[in-house]
Amino acid sequence: MTLVLFGLFFLFMLLGVPIAFAIGASTLYALYQSGVPLMVVTQQMFQGINSFALVAIPMFILAGDLMAQGKVSERLVSFADSLVGFMRGGLSVVSVMAGMFFAAISGSGAATTAAVGSSLVPELKRKGYDPASAASLIAASGTIGVVIPPSVPMIIYAVIAQQSVSKLFLNGFLPGLAMGLGLMAIAITQAYKRQYPKGTPLSLPTIWRTLKAASWGLMTPVIILGGIFSGIFTPSEAAVVAVNYALLVSLFVYRDLTLPQVYKLLIRSAMTTAVIMLVIAMSAVLSWTLSSWQVPGAIAQAVLSLSTNPYVIMLLVVAVILLTGVFIETASALIILTPVLLPLVLQLGIDPIHFGLIIVVGLSIGMITPPVAINLYVASSVTQLPLERITRAIIPYLLGLIGVLLLVVYVPILLGWSGS
């Protein structure tokens with residue numbers, strides 16, 4: 001019956017059925033054929049979303065939308081430009097640094113890509129940068145948006161794996177920083193190869209001026225994460241604080257949002273949250289079904305029978321994560337893979353917090369691997385470039401991010417892994 005379940009799931013996916021309904025319909029049919037009372041479906045759906053930690057998801061989504069819609073991103077870009085714009089190809093490095101700054105605010109890869117892209121693309125074109133390469137770098141930088149906390153996928157993983165959101169957030173900084181440094185190194189190499197121009201001269205007065213302008217935006221992660229790690233409030237409470245702070249900054253400090261715009265953002269954030277919650281609810285039924293049939297344990301034993309070498313097995317796990325990210329968007333892939341792979345990695349002695357970082361970084365790379373590559377679609381929309389051109393240009397950055405993922409897997413101590 002397990003083969004029937006997965007066969008139907010992939011059939012629905014190929015037919016273009018939305019992921020939540022593909023999961024729900026295939027699981028419902030499998031349960032019906034197995035003679036399981038269908039009351040289980042509604043029970044598990046509600047149980048799957050009955051978690052206080054999930055309150056943080058709509059709040060962080062709304063906070064990111066509020067910051068992205070206003071002028072915060074432009075001020076962050078200006079500050080990044082004052083720091084590293086003097087280098088050859090400095091605007092490429094600015095793209096990555098601005099992405100890292102915004103990642104610490106939004107928790108969303110698509111929002112990071114849109115915010116940085118809309119601010120930088122006109123200047124990149126004016127300075128003579130290759131448009132496709134610039135767009136692909138911005139899309140690649142957007143992957144950091146779900147790794148540097150706050151991170152919506154980390155919250156989802158924490159709920160499924162019953163782990164601490166705070167510990168995941170604490171250990172997410174250095175992998176995100178490593179992703180950024182890797183992208184910067186590739187960008188600088190390409191800048192010298194293509195003889196890109198130098199940018200804004202280094203000036204302490206300019207740095208101070210842009211820092212003051214961007215300070216309200218830069219304070220967002222300080223308030224959120226500082227409050228979490230100091231124990232002042234929980235991650236869910238921090239998300240609500242983030243929304244209130246974003247409203248304060250956007251409406252009364254920068255004054256770049258109006259009440260009608262805020263209303264539209266509320267509607268958009270609610271719709272995004274509804275999609276995520278429906279996927280989580282449907283996936284809870286799938287997870288319960290697979291656990292009842294002892295599928296995760298069987299998969300773990302099958303993989304362990306292939307090799308006793310943990311390095312080889314983790315390489316197979318990474319391959320599964322990357323391949324899944326190609327075809328399924330991040331939140332859905334996370335919900336599907338975690339119950340299946342977590343028992344396997346636990347048998348290898350991998351800490352569940354460490355595995356959370358691995359799966360979030362791995363699936364973030366799926367944001368730039370077609371056909372399901374949300375960051376590439378956003379970059380294409382912002383730059384008005386064909387998706388095919390951006391996809392070809394993304395390859396060096398894709399390889400660089402895969403290299404960072406392998407570091408997270410095999411050499412976690414280099415990334416400051418502190419354990420659980």
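Me: Helices are DSSP runs of H or I with at least four residues, numbered from the N terminus. In this predicted model, where is the place of Q384?

Reply: Phi of Q384 is near 60°, a positive value in a residue other than glycine. Q384 has a relative accessible area of 66% and is therefore exposed, the cut-off being over 50%. The place of Q384 is in the loop between α18 (374–383) and α19 (387–393).

Me: Is Q162 buried or exposed?

Reply: Q162 is found in the loop between α9 and α10 (165–194). Its phi is near 55°, a positive value in a residue other than glycine. Most residues other than glycine have a negative phi. The relative accessible area of Q162 is 72%, and a value over 50% counts as exposed, so Q162 is exposed.

Me: What is the omega of the peptide bond that joins P149 and P150?

Reply: P150 lies in the loop between α8 (131–142) and α9 (152–161). Most peptide bonds are trans. The bond joining P149 and P150 is cis, with an omega of about 5°.

Me: What distance does α16 reach from its first C-alpha to its last?

Reply: Helix α16 covers residues 330–347, which amounts to 18 residues. At 1.5 Å a residue, 26 Å is expected. The model comes close to that value, with a reach of 25 Å.

Me: Where in α16 does a kink lie?

Reply: The kink in α16 has an angle of about 45°. It comes shortly before the proline P339. The residue at which the kink lies is T338.

Me: How many of the 18 residues of α16 are buried?

Reply: A residue counts as buried when its relative accessible area is under 20%. Helix α16 is largely enclosed by the rest of the structure, because the number of its 18 residues that are buried is 15.

Methods
Residues numbered from 1 in each chain as written. Predicted model: local features only at pLDDT ≥ 70, side-chain atom pairs only at ≥ 80, totals over all residues. Heavy atoms only, no water. Helix = DSSP H or I, 4+ residues; strand = E, 2+ residues; numbered from the N terminus. Expected span 1.5 Å × (residues − 1). Bend = angle between axes of the 7 residues up to and from the residue. Buried < 20%, exposed > 50% of the residue type's maximum accessible area, 1.4 Å probe, protein only.
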